[in-house]
Amino acid sequence: DDFLTKPIRASHLISSVRIRAARFRKLRSLMTKDSMTGLFNHTTTKQFLAVELARAQRNAASLTMAALDIDHFKVVNDTYGHGVGDRVIKALSRLLRLRLRSADIIGRMGGEEFSAIMIDTGLDEAWHVFEQIRQAFSDIEFSAGEQTFRVTISCGIAALPDYKTAQELSDAADKALYAAKNGGRNQVVKAN
């Protein structure tokens with residue numbers, strides 16, 4: 001990186017430290033964030049889930065996890081191209097950032113799948129939030145050349161105290177997501 005010789009000028013030391021700090025922040029961001037959306041990646045989201053679940057259990061607080069998936073996304077990519085598909089993914093990530101609180105954790109789990117961890121939020125409250133997000137996303141009109149189209153999302157949610165571990169909570173949200181998909185898509189389903 002750099003070799004600092006004594007005596008070190010204060011301005012040179014400060015400059016070297018700033019450069020290394022900026023590089024560290026950039027590397028950390030690359031390791032924890034999804035490059036397309038800027039949301040947390042799969043691994044980081046799972047780590048946050050474990051931490052927040054332990055905190056909620058310790059404080060007897062509410063915690064809800066949501067699993068979201070863009071409906072018929074393969075059709076979007078096959079019909080309009082991957083560039084348009086990327087715009088759809090970015091639109092959903094922007095909507096999630098706008099509609100969820102800054103304390104909530106939003107991650108892109110891969111492809112067209114997303115997760116959100118809502119701190120101090122019960123199942124019913126989360127259902128209303130994601131129902132509004134579902135509706136707002138279905139109202140967005142996308143364009144590809146001369147064509148316009150709309151896309152929907154399905155969502156499954158699960159909450160404490162029904163599940164004891166992060167894996168159980170995540171699995172329950174996924175199971176509810178599959179129920180939403182199998183039930184006709186474009187809906188929010190609570191885990192039972």
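## The sheet

Two strands count as paired if DSSP finds at least two bridges between them. The model is predicted.

Strands of a sheet pair through backbone hydrogen bonds, either parallel or antiparallel. In this sheet, β1 (residues 63-70) pairs with β6 (residues 153-159) in the antiparallel sense, over seven bridges. β1 and β3 (residues 113-119) are also antiparallel, again over seven bridges.

## Strand β1 in detail

On the β6 side, L68 stands opposite C155, and D69 has S154 as its bridge partner. On the β3 side, M65 is bridged to I117.

How many residues of β1 are buried? Eight of its eight residues are, so the strand counts as mostly covered, buried meaning under 20% relative accessible area. Both faces are covered. L63, M65, A67 and D69 are buried on one side. T64, A66, L68 and I70 are buried on the other.

## Helices

Two packed helices are described by the angle between their axes and the distance between the axes. For α4 (residues 82-99) and α5 (residues 123-139), the angle is about 140° and the axes are 11 Å apart. The crossing is right-handed. From α4, the contact is made by V88, A91, L92, L95, L96 and R99. From α5, F130, Q132, I133, A136 and F137 take part.

## Aromatic rings

The structure holds four aromatic pairs. One of them is F142 with F149, 5.6 Å centre to centre and with 25° between the planes. Why does this pair count as stacked? Planes under 30 degrees apart count as stacked, and these are at 25°.

Are F142 and F149 buried or exposed? F142 has a relative accessible area of 7%, and F149 is at 9%. Both values fall under the 20% cut-off, so both residues are buried.

The two rings belong to one aromatic cluster, formed by Y80, F137, F142 and F149. F137 links two parts of this report: the cluster includes F137, and F137 is also among the α5 residues in contact with α4.

A further ring, that of F40, has a charge over it. The charged end of K33 sits there, 5.2 Å from the ring centre.

## Residue A50

A50 has its place in helix α2 (residues 42-59). Its relative accessible area is 39%, so A50 is partly exposed: the value lies between the 20% limit for buried and the 50% limit for exposed. A50 and T121 are 71 residues apart along the chain. Their C-alpha atoms are separated by 16 Å.

Conventions
Residues are numbered from 1 along each chain as its sequence is written. This is a predicted model: local features need pLDDT of at least 70, side-chain atom pairs count only at pLDDT 80 or more; totals for chains, interfaces and linings use all residues. Side-chain values use heavy atoms; hydrogens and water are left out. Helices (H or I, at least four residues) and strands (E, at least two) are DSSP runs, numbered from the N terminus. Buried means under 20% relative accessible area, exposed over 50%, partly exposed in between (1.4 Å probe, protein chains only). Rings of Phe, Tyr and Trp (its six-membered ring) pair if their centres lie within 6.5 Å; planes under 30 degrees apart count as stacked, over 60 as edge-to-face and the rest as tilted. A charge sits over a ring if NZ of Lys or CZ of Arg is within 6 Å of the ring centre and within 35 degrees of the ring normal. Axes are lines fitted to C-alpha atoms, for helices over the stretch in contact, and angles run from 0 to 180 degrees between N-to-C directions. A crossing is left-handed if the near helix is turned anticlockwise from the far one by less than a right angle, and right-handed if clockwise. Contact means heavy atoms within 4.5 Å.
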